[in-house]
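The following paragraphs lead the reader through the structure displayed here.

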Amino acid sequence: MSGYVVFGATVLAGVLLFLAAMVARRLLAPRAVTASGTTTYESGVDPIGSGWAQVRVRYVVFAFLYVIFAVDAVYLFPWALVLREEHLGPVSLVEIGVFVGILLVGLAHAARRGLLRWL
Amino acid sequence: MSVLEIVVRTVSALAAFLVLPLLVGQTEHKVMAHMQGRLGPMYAGGFHGWAQLVADGVKFVQKEDITPRAADRWVFRLAPAVALVPYLLAIAAIPVMPGVAAAPVPASAVLVLAVVGIGILGTLMAGWASANKYALVGAMRAAAQLLSYELPMVLAVASVCIAAGTLSLDTIVGAWHWWWLGWQLPGAVVFLVGAVAELQRPPFDMPVADSEIVFGPYTEYTGLRFAFFLLSEYAGIVVMSLLFAVLYLGGWHGPFADQVGWLWTALKGFVVAVVVIWLRVAWPRLREDQLQRLAWLVLVPLAVAQLVLTGVVVVVHP
């Protein structure tokens, strides 16, 4: 439990570090806000349009796959703690094998259908 | 635990966080320079430019801090902190000797993975809030890459946890034997590749590819906030290297481990950090589609194969 107290104190230390650095910057850095200085950077020419552009969210398939496998990973960590128990070990190994096997078949299917291409 | 002890532990974590990334950064300057037939920094501080990064820090703090008009102001300004602080927390939770970590928590392996996952949000916040086209493209790439590589990395760590039968980094090193080097080798390779990709370092630096999209999500940043993103990259190398040393190389195991165990952990971590730097010098950048293929068709199946291998060995030979 006491480890978490230190962990909390470290969070606080990190926030303080950031704040202290920002105070130091305020004291040391010049401030010369100009209209051209705060324009969006587009390699030196005036920006065209706004930051809102139509983009295809290409990674949406990967995000779905990630969620599926992340659920898998959530089950793996508790499994690490019980695998050595005699009455649970071999049975749970087979069960996890079936579970992961289904996911892998799904991944192979996605790959075969060309979903994993970045086009 | 007394208040004094809490303060000492926190300050030691903070000190490690402020010193080790600079060491890795200076090592990168020098190692990379010599690999490319250059000298690297030679002036600052006198002896082989040892103070170069300190000088860089002093320079950055004196630079004007610009928030673009179009930016989502508070998200933009907060992003560097979100990118940086998680690595401080991760350093605090990694043990260097038996029972010696700044913040000794029970399930430290899971905790470190979780906080490193938060750090990634900083990149996404920066890319989205900048309202800049380069930054947006970079953030898209970063989102896809970080999702794809986090997964095999987590699976590889799960494999080590299964091998040791615990979620605590401390106990994992305690259970480590030299033959794990071979047993967990596929997982170790997966972890190293995944870690370099998580840090968005070459050859996986597509999100910040400077010849295409300026500096990706960090394009609009200036001064100290920009420096914080750079610092978080090097803090990330420290975290990943130490984690690799603890998970796969047996941490403090070595001659005279009782007295100088922390030195072994540090040395092994340093060697891994040099390998990460070496990868940057030796490999060209991967294209985005190659990146995704590597993650999903090589690393994920390899990590799952490692899991099966680990599970079978543990059941057959408990």
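This is a predicted model: local features need pLDDT of at least 70, side-chain atom pairs count only at pLDDT 80 or more; totals for chains, interfaces and linings use all residues.

Helix α10 of chain B covers residues 223-248; helices here are DSSP runs of H or I with at least four residues, numbered from the N terminus. Residues are numbered from 1 along each chain as its sequence is written, and chains are lettered from A and ligands numbered from 1 in the order in which they are written.

Of the 26 residues of α10(B), 24 are buried, so the helix is largely enclosed by the rest of the structure; a buried residue has 20 or more other C-beta atoms within 10 Å of its own, with C-beta atoms placed from the backbone. After α10(B) comes B:G250, which has a positive phi near 80°.

Between the chains, 62 residues of chain B are in contact with 58 residues of chain A, contact being C-beta atoms, placed from the backbone, within 7 Å. Helices α1, α3, α5, α10 and α12 of chain B each supply at least two residues of the side touching chain A. The largest share, 15 residues, comes from α12(B).

In chain A, UniProt (unreviewed entry) places the feature "transmembrane region" at residues 6-24, 59-81 and 93-111; such annotations may be inferred rather than shown by experiment. Residues 6-24 of chain A are 100% helix, and residues 59-81 of chain A are 96% helix.

Notes:
The expected span of a helix is 1.5 Å times one less than its number of residues. A residue is buried if 20 or more other C-beta atoms lie within 10 Å of its own, exposed if 12 or fewer, and partly exposed in between; C-beta atoms are placed from the backbone. Two residues are in contact if their C-beta atoms, placed from the backbone, lie within 7 Å.
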